[in-house]
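Keep the viewer open as you read.

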Amino acid sequence: MDFSFSEEQRMAAESVRQVLNDHCQPAALRNSLAGNGGQDEARWRALLDTGLAGMLLPESAGGLALTEVDFVLIAEACGYYALPEPLVEHAGIAAPLLAAAGAEPTLMERVATGEALLAIGHPINPLVADADRATHLLLHAQDEIHLLPASAVQLKRQESIDPFRRLFSVSWTPNTSSRIAEANTTPALWNATLDRGALFTAAQCLGLAQRAGDLAVAYAKERKQFGKPIGSYQAVKHLLANVQVKIEFARPVVYAAAAEIGNADAMSRARVSHAKLAAAEAADQAVRSALQVHGAMGYSWEVDLHFYLKRVLALTYAWGHPAFHRARVAARVFEQPLGPDHTFAREHSHA
Amino acid sequence: MDLTYTPEQQSFRHELRGWLERHVPDHPLPSFDATREGFEAHRAWERTLAGGNWGMVTWPREFGGRGLDLIQWLIFEEEYYRAAAPVRVNQNGLFLLGPTLMEFGTPQQKARFLPAMACGDEIWAQAWSEPQAGSDLAAVRATAIREGSEYVLNGHKIWSSRAVFADWAFGLFRSDPNSERHKGLSLILFPLNAPGVTVKPTVRIDGKKGFAEIFLDNVRAPVAHRLGEEGAGWSICMATAGFERGLMLRSPARYQHAVTRLVELYRRHAHEVEPTTAAAVTRAWMDAESYALSIYATASRLIAGGVIGPEASTNKIFWSELDIALNQTALSILGARAELVPPASEAQEVDSWLDDYLFALAGPIYAGANEIQRNIIAERMLGLPR
């Protein structure tokens with residue numbers, strides 16, 4: 001039993017944080033919004049140069065064969081900086097699915113470097129994120145998974161209140177050569193993908209929550225009213241302390257979900273869902289409290305907070321509505337053994 | 001990161017489970033807060049525990065422990081709650097003073113006090129609060145004036161849990177009468193049967209004598225019973241409070257077992273409760289799990305050489321709030337019968353829910369009011385100005 005990250009895991013996340021710190025500050029976000037619809041090629045290139053795209057892929061596919069525990073801190077950092085580019089969706093969610101379904105080695109190698117970029121149309125999400133820059137799309141048709149080149153699909157942009165989110169409805173025609181998973185293997189693949197999607201969305205929400213909290217704390221130290229920084233007033237202090245409490249008790253759930261996701265049982269699915277619920281709730285409380293602390297300034301386009309607020313709004317319902325995740329937790333609570341000796345246990349199988 | 005128990009940890013759990021199954025009394029002991037008889041029954045249980053060398057498993061063997069780590073401590077607590085073993089009557093000693101002695105005590109003090117604490121021979125109360133020093137603990141007025149090799153203690157302490165029947169107390173006193181606030185305070189241990197000590201029970205909202213006032217009138221304590229340097233009392237108390245809020249006082253297992261009972265209660269009434277109840281039960285489970293995971297992470301960090309900091313204050317807020325929500329959910333399931341107490345014939349299903357709810361209501365107040373915890377989080381974790 002050791003519930004902590006290794007030094008290597010911490011350092012890997014720190015190096016990604018460094019790249020994001022250099023390339024993904026609010027000023028950079030605003031620049032990319034003005035120039036290229038929110039995308040920044042230099043930023044994307046810098047992230048791919050760290051070898052992240054193939055992190056979760058097996059070595060045989062040109063990857064680093066790392067695990068969700070290795071990636072979760074990175075996804076959290078992507079949330080903290082509200083990264084517009086689809087690093088989490090490609091490296092954390094879509095690439096492992098393609099590897100598990102099986103694809104040509106030449107394509108996998110290009111996926112591992114990020115040269116080939118994947119977008120994913122999971123049945124739980126009505127739209128496909130970042131489909132316009134993907135070279136390949138993983139899509140669902142009835143009980144099958146299909147892989148299509150970008151040239152074989154038609155996209156229609158569905159604008160989001162989050163200016164960096166790029167959502168599309170996709171028109172396409174399934175054919176036997178595009179099918180990469182059949183009805184018998186599809187459910188397991190989609191379930192594993194849903195868990196990764198929910199887990200890394202939870203991690204991003206955790207990062208977003210901390211960012212909103214940090215922005216509010218910084219503002220509360222600076223902004224003066226009645227001759228004192230507003231952060232010296234207890235009403236403001238307690239608002240921000242409550243945000244930190246929410247974050248502190250969502251964090252270990254997200255990390256435990258990363259450690260247990262591979263179990264793929266009722267217990268690990270409940271953990272992932274709990275993580276998504278707890279992190280999204282913390283993020284919601286954080287952005288709304290941060291808005292309150294910023295006062296009217298927080299309601300202006302000029303202050304950066306709204307970028308994070310809108311991402312939280314989007315991610316709260318992505319990769320499973322809270323009702324879906326609550327139902328998965330309830331299934332664990334009402335159908336599996338309870339008590340602390342079952343906290344880290346595997347699913348109880350009925351003999 | 002490895003969220004599985006080692007074979008050693010599993011066999012430790014197994015051994016403990018077997019011992020508890022053989023030794024835990026069949027019937028609940030009478031309350032240790034209501035009568036001397038109940039208190040002594042709990043002391044006898046502490047002696048039974050110590051007989052199995054289970055008094056305080058994380059302490060070194062020389063002090064009555066087993067030298068185990070904090071993960072094993074969590075396993076101990078999980079099994080202890082699973083077995084529904086008696087509440088630890090010496091928790092103020094074992095969980096608060098014990099770790100403080102371990103860190104700040106002299107070798108002589110450790111040898112003198114820890115083994116007697118581990119076996120229940122000396123049961124402890126905390127004597128910090130005063131009528132005018134509650135949340136503002138640094139306003140303590142009780143004095144400890146040095147006279148040769150002794151301190152002369154005078155003052156009035158209040159809200160001292162277990163003090164009605166306990167043997168010893170650890171108190172915060174002003175050892176420099178000209179000092180103010182956090183300076184000039186010292187932590188001094190004194191027996192509650194010392195000449196000049198008067199203990200007056202305070203009746204709680206549940207009607208039990210759960211705590212007491214302690215009046216000190218020229219009580220003499222040897223200098224050797226001062227814990228830490230003279231004048232260092234405040235920082236030592238804050239370290240004690242850190243143990244209290246951070247890890248020791250409220251085991252996650254306590255809430256996890258309460259949730260297990262809550263789910264059973266819900267099952268019996270699922271057909272008649274309002275539809276939102278299932279969500280409240282699920283929420284209670286999630287919060288208890290979150291707390292458990294957080295404590296496992298803290299234990300892992302401490303084992304790796306980390307320390308408990310101001311984030312301990314987030315724990316105290318979290319468990320006290322989840323405890324109220326959990327018990328309130330139970331009362332809402334019991335509905336119109338929730339108010340019943342023995343000997344009401346229909347009180348049976350109320351079980352301990354009403355007591356637990358009333359006790360939970362104290363959670364945001366004791367061990368440092370939650371408003372103070374929020375100030376600590378804001379100022380020391382987040383760096384907001386005072």
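**A walk through the model**

Start with an open sheet of three strands in chain A, ordered E2-E6-E5 with antiparallel pairing. Its edge strands are E2 and E5 of chain A, each of which pairs on one side only. Strands here are DSSP runs of E with at least two residues, helices are runs of H or I with at least four residues, and both are numbered from the N terminus. Two strands pair if DSSP finds at least two bridges between them.

Before going further, keep in mind that this is a predicted model, where local features need pLDDT of at least 70 and side-chain atom pairs count only at pLDDT 80 or more, while totals for chains, interfaces and linings use all residues. Residues are numbered from 1 along each chain as its sequence is written, chains are lettered from A and ligands numbered from 1 in the order in which they are written, and side-chain values use heavy atoms, with hydrogens and water left out.

Back to the sheet. Strand E2 (residues 128-129) of chain A meets strand E6 (residues 167-171) of chain A in the antiparallel sense over two bridges, and A:Val128 has A:Phe168 in E6(A) as its bridge partner. On the other pairing, strand E5 (residues 154-158) of chain A runs antiparallel to E6(A) over five bridges. There you can find A:Gln158 opposite A:Leu167 in E6(A), and A:Lys156 bridged to A:Ser169 in E6(A).

Now zoom out to the whole of chain A, which has 11 helices and nine strands. Its radius of gyration is 20 Å, close to the 20 Å that the globule rule gives for 351 residues, so chain A is as compact as a globular protein of that length. (That radius is taken over C-alpha atoms, and the rule is 2.2 Å times the number of residues to the power 0.38.) Along its principal axes, the C-alpha trace of chain A spans about 70 × 55 × 35 Å. Of the 351 residues of chain A, 59% count as buried; buried means under 20% relative accessible area, exposed over 50%, and partly exposed in between, using a 1.4 Å probe and protein chains only.

A:Ala13 counts as buried because its relative accessibility is 0%. Leaving aside neighbours within four places in sequence, A:Ala13 is in contact (heavy atoms within 4.5 Å) with A:Leu73 and A:Ile74.

E1(B) pairs with strand E4 (residues 168-174) of chain B in the parallel sense over four bridges, with B:Trp124 opposite B:Trp168 in E4(B).

A:Ala82 is not a glycine, yet has a positive phi of about 50°; A:Ala82 counts as buried, at 1% relative accessibility. B:Ala84 also has a positive phi of about 50° without being a glycine, but B:Ala84 counts as exposed, at 62%. In chain B, a cis peptide bond with omega about 10° joins B:Pro342 and B:Pro343.
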